[in-house]
Amino acid sequence: MSKKFSLLALAGAAIVVAAVAAGYSGTARSATAGVSPLPSSSCSPVVYKGSGSPDFIIASDLPLQGAIRHQTVQLSRAELWALANKGWKAGKYNIGYQSCDDSTAQTGGWDSAKCATNARLYAGNKSVIGVLGTFNSGCAKIEVPILNRANPGPMAMVSPANTNPGITKKWDPGEPQKYYPTGVRNYARVVATDDIQGPSDALWSQAQGYKKVYVLNDKQTYGFGVATTYKNAAKKLGIKVVGFEGWDAKQSSYEALANRIKASGAQAVFLGGIVCNNGAKLMQDIKAVDSKIKLQMPDGFSDPGANGPVANGAFISVAGEPPKALTGAGATFVKSFGKQVGATPNPYSAYGAQAMLVMLQAIATSGGNRTQVTKSIFGLNITNGILGNFTINATGDTNLTPITIYRQSGKDLVPVKTVIPQASLIG
């Protein structure tokens, strides 16, 4: 890495830190006394504005560079909002916060080596009592086993965004057992999985009258998984899948792929993947060849700013109820946090805040012990949470399964319909 590149990357990281920590920075003494901060090479300074000094650190692990940076920075700020609104406390414990980046400027998204490095930093720092993350399922599959072996541990991770089923359920060979080498689970999430999201998208395709669809995936864990569940459900619903293939995120042109899609007679394309994997260029080339074809995507395309104007009118699914449909604590969050960011929060921001509250509730009853924090998460009942009332089950999944279909309109995601797929389409 050249010096010029390093300076640019550090400048970008400094901007992210400022954006996340805005309005919450405590004094250097109060924020770090009693805890050992994670290094600045991966993480922001410790953020703490409670009385005294923090007893522990919760680390947030998200990709803070690249096309979806705006979305993930907002998600991190939502986590911080939840901690601040709990008075920087989990029961009797004072909690500081560090926002850590699992992406690199070179990849423009999550990076496998960075994910592994970050996980080792968390596991080896006894001040870190839990981790919020990750955003990408592929990164989680790297970090969870490392945190599982932490000593003392296992260390708990609560994700606001991972949707690949295999982290918690029987899916691909060896899953999920291979992520828990100690035999003890340490991972949970507050978001519905792809075996629910894909079928919900297929039901929406059926409702739009699509008879033929072309299914793409970005060849990553999340993208391939959600594309596969969409394909399987679409076939059950009588929709003809006229193509199923991956796209190369490093390709400079998708004209040939777009021509294959047009020749197939597809009325719509389902893009299973993440927009930062050259998704905007892919959509542009597909639309350039066939301007009438419809676009449908999962939550990897839930940042309109990263999608660009080409996605206007496209349907995008995101787990859970839309922000403005949340009630109780959820409505309070949307109003308060929306005022902080100057807009209706991105749907995933509510999941970030809820993940923080789940972690704080588990820490409150832990006795300051990592192992007990992990145990406390499973079977946890959340009452009047930001996402409503729900339970984290014995495998680490939420019992909340609604998926909302949005239509992109400029910089906004406009909710259209909330879907819960029938059991026969799931699996």
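## Exercises on a predicted model

Ser 264 belongs to helix 8 (residues 255-264), where helices (H or I, at least four residues) and strands (E, at least two) are DSSP runs numbered from the N terminus. The model is predicted, so that local features need a pLDDT of at least 70 and side-chain atom pairs count only at pLDDT 80 or more, while totals for chains, interfaces and linings use all residues. Residues are numbered from 1 along each chain as its sequence is written, and side-chain values use heavy atoms, with hydrogens and water left out.

**Exercise 1.** Determine whether Ser 264 is buried or exposed, and find which residues it touches.

*Solution.* Begin with the relative accessible area of Ser 264, which is 18%. Buried means under 20%, exposed over 50%, and partly exposed in between (1.4 Å probe, protein chains only), and Ser 264 is therefore buried. Then look for its contacts (heavy atoms within 4.5 Å): leaving aside residues up to four places away in sequence, Ser 264 touches Lys 212, Tyr 214 and Val 242.

**Exercise 2.** Find the disulfides of the structure, and work out for each whether it is right-handed or left-handed.

*Solution.* Searching the whole structure for disulfides (pairs of cysteine sulfur atoms within 2.5 Å) gives two of them.

Step one concerns Cys 43 and Cys 100, whose sulfur atoms are 2.1 Å apart. The torsion about their S-S bond is about 105 degrees, so this disulfide is right-handed. Because Cys 43 lies in the loop between helix 2 (28-32) and strand 1 (56-62), and Cys 100 in strand 3 (residues 93-101), the pair ties together parts that are 57 residues apart in sequence. Cys 43 and Cys 100 are both buried.

Step two concerns Cys 115 and Cys 139, joined by a disulfide with an S to S distance of 2.1 Å. Here the torsion is about -120 degrees, so the disulfide of Cys 115 and Cys 139 is left-handed. This pair links distant parts of the chain, with Cys 115 in helix 4 (residues 112-124) and Cys 139 in helix 5 (residues 137-148), 24 residues apart. Cys 115 is buried, at a relative accessible area of 0%, and Cys 139 is buried with 0% as well.

**Exercise 3.** Describe the aromatic pair of Trp 204 and Phe 315, and then that of Phe 333 and Phe 337.

*Solution.* Rings of Phe, Tyr and Trp (its six-membered ring) pair if their centres lie within 6.5 Å, and planes under 30 degrees apart count as stacked, over 60 as edge-to-face and the rest as tilted. The structure holds nine aromatic pairs. In one of them, Trp 204 and Phe 315 are 5.4 Å apart from centre to centre with 80 degrees between the planes, an edge-to-face arrangement. The pair links distant parts of the chain, since Trp 204 is in helix 6 (residues 194-207) and Phe 315 in strand 13 (residues 315-319), 111 residues apart. Phe 333 and Phe 337, by contrast, are stacked, at 5.1 Å centre to centre and 15 degrees between the planes. Both lie in helix 11 (residues 329-341), four residues apart, about one turn of the helix. Together with Trp 81, Phe 333 and Phe 337 form one aromatic cluster.
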